[in-house]
Amino acid sequence: MRTTFDLSPLYRSSVGYDRLLDMLDQVNRVEPMTNWPPYNIEKTGDDQYRITMAVAGFSPDEIELVQQENTLSVNGQKHPEPEGVQVLHRGIATRAFKQTFNLADHVKVTGASLENGLLTIELKREVPEELKPHRIEIVSGTGAKALSQDNQPQQIEHEPSKPSKAA
(Lines give C-alpha, C1' and ligand atoms only; values in the text may rest on other atoms or scores of the structure.)
Protein backbone atom coordinates (compact mmCIF):
# COMPACT_ATOMS: atom_id res chain seq x y z
CA MET A 1 0.00 0.00 0.00
CA ARG A 2 1.43 3.33 -1.04
CA THR A 3 0.47 6.52 0.77
CA THR A 4 1.03 9.96 -0.74
CA PHE A 5 1.71 13.00 1.37
CA ASP A 6 0.79 16.60 0.56
CA LEU A 7 3.90 18.69 1.20
CA SER A 8 2.41 22.02 0.11
CA PRO A 9 1.92 23.33 3.70
CA LEU A 10 5.67 22.97 4.24
CA TYR A 11 6.38 25.30 1.31
CA ARG A 12 4.50 28.11 3.08
CA SER A 13 6.48 27.89 6.31
CA SER A 14 10.00 27.16 5.09
CA VAL A 15 12.59 29.25 3.35
CA GLY A 16 15.48 27.76 1.42
CA TYR A 17 14.36 24.13 1.63
CA ASP A 18 12.85 24.05 -1.86
CA ARG A 19 15.28 21.43 -3.19
CA LEU A 20 14.76 19.14 -0.21
CA LEU A 21 10.99 19.36 -0.50
CA ASP A 22 11.19 18.76 -4.26
CA MET A 23 13.23 15.62 -3.62
CA LEU A 24 10.65 14.39 -1.11
CA ASP A 25 7.94 15.16 -3.65
CA GLN A 26 9.75 13.09 -6.30
CA VAL A 27 9.67 10.06 -4.00
CA ASN A 28 5.87 10.09 -4.26
CA ARG A 29 5.95 9.87 -8.03
CA VAL A 30 5.71 6.32 -9.25
CA GLU A 31 8.52 5.65 -11.69
CA PRO A 32 9.65 2.21 -12.72
CA MET A 33 12.89 1.38 -10.99
CA THR A 34 15.38 0.22 -13.53
CA ASN A 35 18.39 -1.78 -12.55
CA TRP A 36 19.74 -1.96 -16.07
CA PRO A 37 22.63 -1.67 -16.62
CA PRO A 38 24.07 -2.81 -13.31
CA TYR A 39 26.33 -0.30 -11.56
CA ASN A 40 28.47 0.29 -8.48
CA ILE A 41 28.96 3.57 -6.60
CA GLU A 42 32.22 3.84 -4.66
CA LYS A 43 33.75 6.47 -2.39
CA THR A 44 37.41 6.67 -3.37
CA GLY A 45 38.46 9.57 -1.13
CA ASP A 46 37.15 12.28 1.18
CA ASP A 47 35.56 14.20 -1.69
CA GLN A 48 35.93 11.71 -4.57
CA TYR A 49 33.47 9.16 -5.92
CA ARG A 50 33.31 6.66 -8.77
CA ILE A 51 30.36 5.17 -10.64
CA THR A 52 31.13 1.97 -12.56
CA MET A 53 28.50 0.68 -15.02
CA ALA A 54 28.56 -2.63 -16.89
CA VAL A 55 27.81 -1.65 -20.49
CA ALA A 56 29.20 -4.60 -22.46
CA GLY A 57 28.66 -4.28 -26.19
CA PHE A 58 28.45 -0.46 -26.20
CA SER A 59 31.13 1.73 -27.72
CA PRO A 60 32.01 5.23 -26.45
CA ASP A 61 30.10 6.91 -29.31
CA GLU A 62 26.92 5.02 -28.31
CA ILE A 63 26.95 6.36 -24.73
CA GLU A 64 26.09 9.93 -23.76
CA LEU A 65 26.93 11.50 -20.39
CA VAL A 66 25.20 14.79 -19.49
CA GLN A 67 25.48 16.69 -16.21
CA GLN A 68 22.84 19.35 -15.75
CA GLU A 69 22.97 21.09 -12.38
CA ASN A 70 22.74 18.27 -9.81
CA THR A 71 21.61 15.50 -12.17
CA LEU A 72 23.88 13.16 -14.11
CA SER A 73 22.24 11.30 -17.01
CA VAL A 74 23.82 8.30 -18.70
CA ASN A 75 22.12 7.30 -21.97
CA GLY A 76 23.02 4.35 -24.14
CA GLN A 77 21.65 3.82 -27.65
CA LYS A 78 22.99 0.97 -29.77
CA HIS A 79 23.59 1.63 -33.47
CA PRO A 80 21.58 -0.63 -35.80
CA GLU A 81 23.35 -3.78 -36.89
CA PRO A 82 24.72 -3.81 -40.43
CA GLU A 83 22.58 -5.51 -43.02
CA GLY A 84 23.45 -9.04 -43.91
CA VAL A 85 24.46 -10.00 -40.35
CA GLN A 86 22.43 -12.88 -38.97
CA VAL A 87 22.62 -13.32 -35.20
CA LEU A 88 22.00 -16.95 -34.21
CA HIS A 89 22.06 -16.31 -30.45
CA ARG A 90 21.95 -12.95 -28.63
CA GLY A 91 23.38 -13.25 -25.13
CA ILE A 92 24.74 -9.72 -24.87
CA ALA A 93 21.93 -7.28 -24.23
CA THR A 94 21.92 -4.35 -26.61
CA ARG A 95 18.78 -2.61 -25.42
CA ALA A 96 18.83 1.13 -24.92
CA PHE A 97 19.12 2.45 -21.38
CA LYS A 98 18.84 5.68 -19.44
CA GLN A 99 20.16 5.95 -15.91
CA THR A 100 20.03 9.15 -13.85
CA PHE A 101 21.91 9.97 -10.67
CA ASN A 102 21.11 12.81 -8.28
CA LEU A 103 24.34 14.48 -7.25
CA ALA A 104 24.97 16.47 -4.09
CA ASP A 105 25.76 20.17 -4.28
CA HIS A 106 29.17 21.02 -5.81
CA VAL A 107 29.79 17.48 -7.14
CA LYS A 108 31.21 17.60 -10.67
CA VAL A 109 32.16 14.92 -13.21
CA THR A 110 35.94 15.00 -13.62
CA GLY A 111 36.34 12.21 -16.17
CA ALA A 112 34.88 9.14 -17.82
CA SER A 113 36.40 6.09 -19.51
CA LEU A 114 35.16 2.90 -21.14
CA GLU A 115 37.38 -0.14 -20.80
CA ASN A 116 36.60 -3.86 -20.99
CA GLY A 117 32.84 -3.20 -21.04
CA LEU A 118 32.91 -1.05 -17.88
CA LEU A 119 32.04 2.63 -18.00
CA THR A 120 33.84 4.45 -15.19
CA ILE A 121 32.70 7.95 -14.22
CA GLU A 122 34.91 9.91 -11.82
CA LEU A 123 33.24 12.51 -9.59
CA LYS A 124 34.67 15.11 -7.22
CA ARG A 125 33.08 17.47 -4.72
CA GLU A 126 34.60 20.94 -5.11
CA VAL A 127 33.17 23.28 -2.49
CA PRO A 128 34.01 26.93 -3.28
CA GLU A 129 36.34 28.57 -0.76
CA GLU A 130 33.70 31.11 0.32
CA LEU A 131 31.29 28.29 1.27
CA LYS A 132 33.79 26.35 3.37
CA PRO A 133 33.58 26.82 7.12
CA HIS A 134 35.98 29.40 8.48
CA ARG A 135 36.93 30.36 12.01
CA ILE A 136 35.81 33.73 13.30
CA GLU A 137 38.07 35.40 15.82
CA ILE A 138 36.41 36.68 18.98
CA VAL A 139 37.80 39.91 20.42
CA SER A 140 37.74 40.53 24.15
CA GLY A 141 35.56 43.34 25.56
CA THR A 142 38.53 45.46 26.71
CA GLY A 143 40.03 45.82 23.28
CA ALA A 144 36.77 46.55 21.50
CA LYS A 145 36.14 50.07 20.29
CA ALA A 146 32.68 51.53 20.59
CA LEU A 147 31.05 52.58 17.37
CA SER A 148 29.21 55.88 17.20
CA GLN A 149 26.92 57.39 14.63
CA ASP A 150 28.14 60.25 12.47
CA ASN A 151 25.37 62.64 13.52
CA GLN A 152 26.23 62.56 17.24
CA PRO A 153 28.61 65.13 18.70
CA GLN A 154 32.03 63.72 19.31
CA GLN A 155 34.21 64.60 22.24
CA ILE A 156 37.58 65.91 21.27
CA GLU A 157 40.31 64.80 23.55
CA HIS A 158 43.38 66.92 23.98
CA GLU A 159 46.40 66.94 26.18
CA PRO A 160 46.20 69.20 29.20
CA SER A 161 48.43 72.21 28.76
CA LYS A 162 51.60 72.38 30.82
CA PRO A 163 51.56 75.04 33.48
CA SER A 164 53.65 77.99 32.41
CA LYS A 165 56.38 79.21 34.64
CA ALA A 166 55.81 82.73 35.83
CA ALA A 167 58.85 84.87 36.46
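## A loop residue to begin with

His 106 counts as partly exposed because its relative accessibility is 29%, where buried means under 20% relative accessible area, exposed means over 50%, and partly exposed lies in between (1.4 Å probe, protein chains only). His 106 sits in the loop between strand E5 (97–102) and E6; here helices (H or I, at least four residues) and strands (E, at least two) are DSSP runs, numbered from the N terminus. The phi of His 106 is near 70°, a positive value in a residue other than glycine. By way of background, most residues other than glycine have a negative phi.

This is a predicted model, in which local features need pLDDT of at least 70 and side-chain atom pairs count only at pLDDT 80 or more, whereas totals for chains, interfaces and linings use all residues. Residues are numbered from 1 along each chain as its sequence is written, and side-chain values use heavy atoms, with hydrogens and water left out.

## The protein as a whole

The protein contains two helices and seven strands, and reading along the sequence gives the pattern α-α-β-β-β-β-β-β-β. Of its 167 residues, 16% count as buried. The protein exposes about 14600 Å², of which carbon and sulfur atoms supply 52%; such accessible areas come from the Shrake-Rupley method with a 1.4 Å probe, and for residues only the protein chains shown count as cover.

A contact means heavy atoms within 4.5 Å. Among contacts between residues at least 6 apart in sequence, 52% join residues at least 24 apart.

Two strands are said to pair if DSSP finds at least two bridges between them. Four strands build an open sheet in the order E1-E2-E7-E6, and their pairing is antiparallel. Strand E1 (39–43) and strand E6 (107–115) stand at the edges with a single partner strand each, so one side of each is left without a neighbour in the sheet. On average, neighbouring strands of this sheet are turned by 15° against each other, direction ignored; the axes behind such angles are lines fitted to C-alpha atoms, for helices over the stretch in contact, and the angles run from 0 to 180 degrees between N-to-C directions.

E1 pairs with strand E2 (residues 48–54) in the antiparallel sense over five bridges, and the two strands form a hairpin with four residues between them. Within this pairing, Asn 40 has Thr 52 of E2 as its bridge partner, while Lys 43 has Tyr 49 of E2 as its partner.

## Residues in and around this sheet

Thr 44 belongs to the loop between E1 and E2, and it counts as partly exposed because its relative accessibility is 34%. Leaving aside neighbours within four places in sequence, Thr 44 is in contact with Tyr 49 and Arg 50. Thr 44 and Lys 124 are 80 residues apart in sequence, and their C-alpha atoms are 9.7 Å apart in space.

Thr 120, by contrast, is found in strand E7 (residues 118–125) and counts as buried, because its relative accessibility is 16%. Residues up to four places away in sequence not being counted, Thr 120 touches Arg 50, Ile 51, Thr 52, Gly 111, Ala 112 and Ser 113. In the loop between E6 and E7 lies Asn 116, which is exposed, with a relative accessible area of 73%. Asn 116 has a positive phi of about 55°, although it is not a glycine.

Strand E4 (residues 71–76) pairs with E5 in the antiparallel sense over six bridges, and Gly 76 stands opposite Phe 97 in E5.

## The nonpolar core

A nonpolar core is a set of buried Ala, Val, Leu, Ile, Met, Phe, Trp, Tyr and Cys residues joined through side-chain atoms within 4.5 Å. The largest such core has 15 residues, and those with the most contacts inside it are Met 53, Leu 72, Val 74 and Leu 123. E2, E4, E5 and E7 each supply at least two residues of this core.

Leu 72 touches several residues when those up to four places away in sequence are not counted, among them Ile 51, Val 66, Phe 101, Val 109, Ile 121 and Leu 123.
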